[in-house]
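Here are my notes on the two-chain model, as numbered points. Have the structure open while you read.

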Amino acid sequence: MIQVRGLSKEFAGRDGTDTGIVALGSLDFDVRDNEFLTVIGPSGCGKTTLLRIVAGLIPYDRGEVSINGVPVTGPGPDRAVVFQNFALMPWADVLTNVSFGLEIRGMPKAECEATAMGLVKLVGLEGFERRLPKELSGGMQQRVGLARALAVNPRILLMDEPFGSLDEQTRRLLQEQLLRIWEQERKTVIFITHSMEEAVLLGDRVMLMTPRPGRVKEIINVSLKRPRGQETEKSATFIEIKEYLWENLRSMQVA
Amino acid sequence: MTVQESKKERKGALSADGLRIVVFALFAGSWQFFAARMENMLIPTFTEMVGGFVQLVVISGRIWEPLYISNQALVLGYLFSIVVAIPLGLAAGRVRWIDKLLNPYIGVLLAIPVAPLIPIVITALGLGLTSRVVIVFLFAFIFITVNTRAGVRNVDPGLIEMAKSFGANERQIWRRIVIPGAVPGIFVGLRIGLARAIAGMVIVELLLVASGLGRLLLEFAGRLQADFVFATVLVVILEALLLLNAMRLVEQRVAPWAHDISVE
C-alpha cells in the first residue's frame with residue numbers, strides 16, 4: 001500500500017553557514033495492506049521524520065513516497081496520526097477532541113458527536129466524554145488521541161511512539177487494547193517505538209533502521225500467531241527476535 | 001488522610017478570608033495610629049478618609065458626575081485599544097514577517113513613558129474628550145498587544161501540527177487552535193491594559209485636562225482637603241478592583257482551562 005523509494009531528507013543548518021543534518025539517507029521499503037509495521041532504531045535515526053513525511057506534514061528532498069501509486073504531497077483523509085505527546089486541545093472536552101478530525105472535514109456537529117461517541121466507547125472512556133484533558137491520566141489522554149485518529153476512519157494509522165511517555169503498566173494495558181481494536185479492523189499501521197518488546201509484540205514485521213542518516217538496515221518478519229497477548233511474550237520466537245533486535249541496536253549505538 | 005489533617009485543611013480554607021481581614025485591619029489600624037500622631041494636614045487618618053468617602057459617595061454625591069466624565073474616556077479608550085491591540089498581537093504572534101516588521105516599534109512603545117506625550121496630544125487634539133480617549137488608548141494598547149502576541153506564541157506547536165495532520169487549513173488552524181490557545185494570554189493583556197487605562201484616565205486629567213476625577217483631586221488638594229483627596233483615590237481604587245474582578249469572572253467562564261501553577 002505504501003511505497004518508499006530512495007527517500008532522503010535533509011534539515012538545513014540553523015544559520016546557513018553550517019551544513020545541515022541528513023536525517024534520512026536513501027530509504028527503500030514497502031508497507032503492505034493491512035500490515036502492522038513497527039519501526040525501531042537508535043535515537044536520532046529519523047524515525048519520527050519518516051513518519052511525518054508519510055503523514056504529509058513535512059516535505060522530502062529526494063525519492064518517492066506514494067500510497068497505492070499516488071505520491072504523498074500533504075496530509076490526507078487516508079491517514080491519521082497518533083502523537084507521542086497526545087496533542088489534545090486542553091480547552092476542549094474529550095468528545096470535542098475526538099470529533100476534531102471529523103469537524104475539520106466538514107461533518108455536521110451532531111453527526112460528529114455521534115460518531116465520536118462510538119469511539120469514546122470503543123477505547124473504554126464512556127462516562128468521561130465531558131471531561132477536560134487535564135482531568136485525565138496520561139493513558140486516558142492517549143486513548144482520546146487514538147479515538148480521534150480512528151474517528152476519521154483512515155486507511156493508514158501513523159503512530160509516533162504513542163506509549164513512550166506512559167509508565168510501563170499503562171503501556172502494557174494500552175498495547176493490549178490497541179491489539180484488540182486492531183484485530184477488529186486491520187488498518188495499515190506504521191508504529192514507531194524505542195522498545196524492542198513492543199516492536200515484536202505488536203508488529204507483523206519490524207523495520208530496523210540505522211543511525212543517522214537513517215536507512216533501512218533490515219526488515220524482520222515476526223511469525224508469531226495472532227491474536228497476540230501476554231502469552232506471546234513467553235514464546236521462544238518472541239525472545240529470539242527481541243534479542244536479535246537488541247544485539248543489532250546495541251552495536252549501532254555510537255559510543 | 002487522617003481526621004487531624006482534614007480538619008487542618010478546612011481551617012486553612014476558612015482563614016484565607018480571615019487572614020485578609022486581619023491584614024487589612026492591621027493596615028488600617030497602623031495607618032490610623034501614625035496619622036493621628038503625625039497631625040499632618042496632608043495625611044488624613046483612616047477614619048477621616050472613610051468619612052470623606054461616605055460624604056462624596058452618599059451624602060453630597062459629588063463624586064458621581066466626575067466619575068461619569070472620567071469613565072467616558074476610560075470606556076472609549078479601553079475598547080478602542082482592545083479593538084486595535086488584539087488583532088495586532090494575533091498577527092504578530094503568528095506571522096513572522098509582521099512580527100519582524102513591528103518589533104522595533106513595539107519595543108519603543110513599551111519603553112516610552114506616556115505621560116510626557118500628553119502635552120503633545122493635547123496640542124494636536126485639544127482639551128476635550130478626544131485627547132483623553134487617545135491618552136487612555138496609548139497607556140493601554142501596547143500591553144494588550146504584547147501579551148496577546150505572547151499568548152499566541154505559547155500555543156503548543158504540537159497542536160498546530162496535529163491540526164494540519166487532519167487536513168486543517170490556515171483559517172481552521174486560527175479558529176480552532178490559535179485563538180482558543182491564546183485566550184489565557186489575551187486575558188493577561190486585558191487585565192494589565194485595564195489597569196493601565198485607569199491610570200491613564202486619571203493622569204491625563206491631573207496633568208492637563210482638568211475634568212472629571214482628576215479635576216476633583218486637584219481641587220481637593222488645592223484646598224488641602226486631604227481626606228477628600230484620599231477618598232477620591234479610594235473611589236478609583238475600588239472601581240479598578242471592581243472591574244478587574246468582573247474580568248476575572250468573565251475569564252473563568254471563557255477560559256476555565258488556563259493553567260495555574262501557584263501552590264495551594
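1. Start with α3 (residues 64-94) and α6 (residues 129-153) of chain B: their axes come within 6 Å and cross at roughly 30 degrees, so the two helices are roughly parallel to each other. Axes are lines fitted to C-alpha atoms, for helices over the stretch in contact, with angles running from 0 to 180 degrees between N-to-C directions. Helices are DSSP runs (H or I, at least four residues), strands likewise (E, at least two), and both are numbered from the N terminus.

2. The residues of the contact between α3(B) and α6(B) split into 21 nonpolar, seven polar and four charged. Here Ala, Val, Leu, Ile, Met, Phe, Trp, Tyr, Cys and Pro count as nonpolar, Asp, Glu, Lys and Arg as charged, and the others, Gly among them, as polar.

3. Before going on, a word on provenance: this is a predicted model, where local features need pLDDT of at least 70 and side-chain atom pairs count only at pLDDT 80 or more, while totals for chains, interfaces and linings use all residues. Residues are numbered from 1 along each chain as its sequence is written, and chains are lettered from A and ligands numbered from 1 in the order in which they are written.

4. α6(B) also packs against α5 (residues 118-125) of chain B, at an angle of about 145 degrees and with the axes 9 Å apart. That crossing of α5(B) and α6(B) is right-handed. On the α5(B) side you'll find B:I118, B:V121, B:I122 and B:L125, meeting B:T130, B:S131, B:V134 and B:I135 of α6(B). A contact means that the C-beta atoms of two residues, placed from the backbone, lie within 7 Å. By class, the α5(B)-α6(B) contact has six nonpolar, two polar and no charged residues.

5. Zooming out, chain B has ten helices and zero strands. Its radius of gyration is 23 Å, well over the 18 Å that the globule rule gives for 264 residues, so chain B is more spread out than a compact globule. That radius is taken over C-alpha atoms, and the rule is 2.2 Å times the number of residues to the power 0.38. The C-alpha trace of chain B spans about 70 × 70 × 30 Å along its principal axes.

6. How is chain B divided? The domain assignment gives domain 1 (3-54) and domain 2 (63-254); such bounds come from an automatic or database assignment. The C-alpha centres of these two domains of chain B are 31 Å apart. Nine residues of domain 1 of chain B are in contact with seven of domain 2 of chain B, and the domain 1 side comprises six nonpolar, two polar and one charged residue.

7. Now chain A, which has seven helices and ten strands. A compact globule of 255 residues would have a radius of gyration near 18 Å, and chain A agrees at 18 Å. Its C-alpha trace spans about 50 × 50 × 35 Å along the principal axes.

8. Chain A is split into domain 1 (1-19 + 35-78 + 155-255) and domain 2 (88-153). Their centres, over C-alpha atoms, are 25 Å apart. Ten residues of domain 1 of chain A are in contact with seven of domain 2 of chain A. Helix α5 (residues 168-184) of chain A gives the largest share of that domain 1 side, four residues.

9. One helix pair in chain A is worth a look: the axes of α3 (residues 109-122) and α4 (residues 138-151) come within 9 Å and cross at roughly 135 degrees, so α3(A) and α4(A) are oblique to each other. α3(A) passes α4(A) in a right-handed crossing. The contact residues include A:L119 and A:V120 of α3(A) and A:L150 of α4(A).

10. Last, the interface between the chains: 13 residues from chain B and 19 residues from chain A take part. α7(B) gives the most to the chain B side, with six residues. By class, that chain B side has seven nonpolar, four polar and two charged residues.

Technical notes: Angles under 35 degrees count as roughly parallel, over 145 as roughly antiparallel, 65 to 115 as roughly perpendicular and the rest as oblique. A crossing is left-handed if the near helix is turned anticlockwise from the far one by less than a right angle, and right-handed if clockwise.
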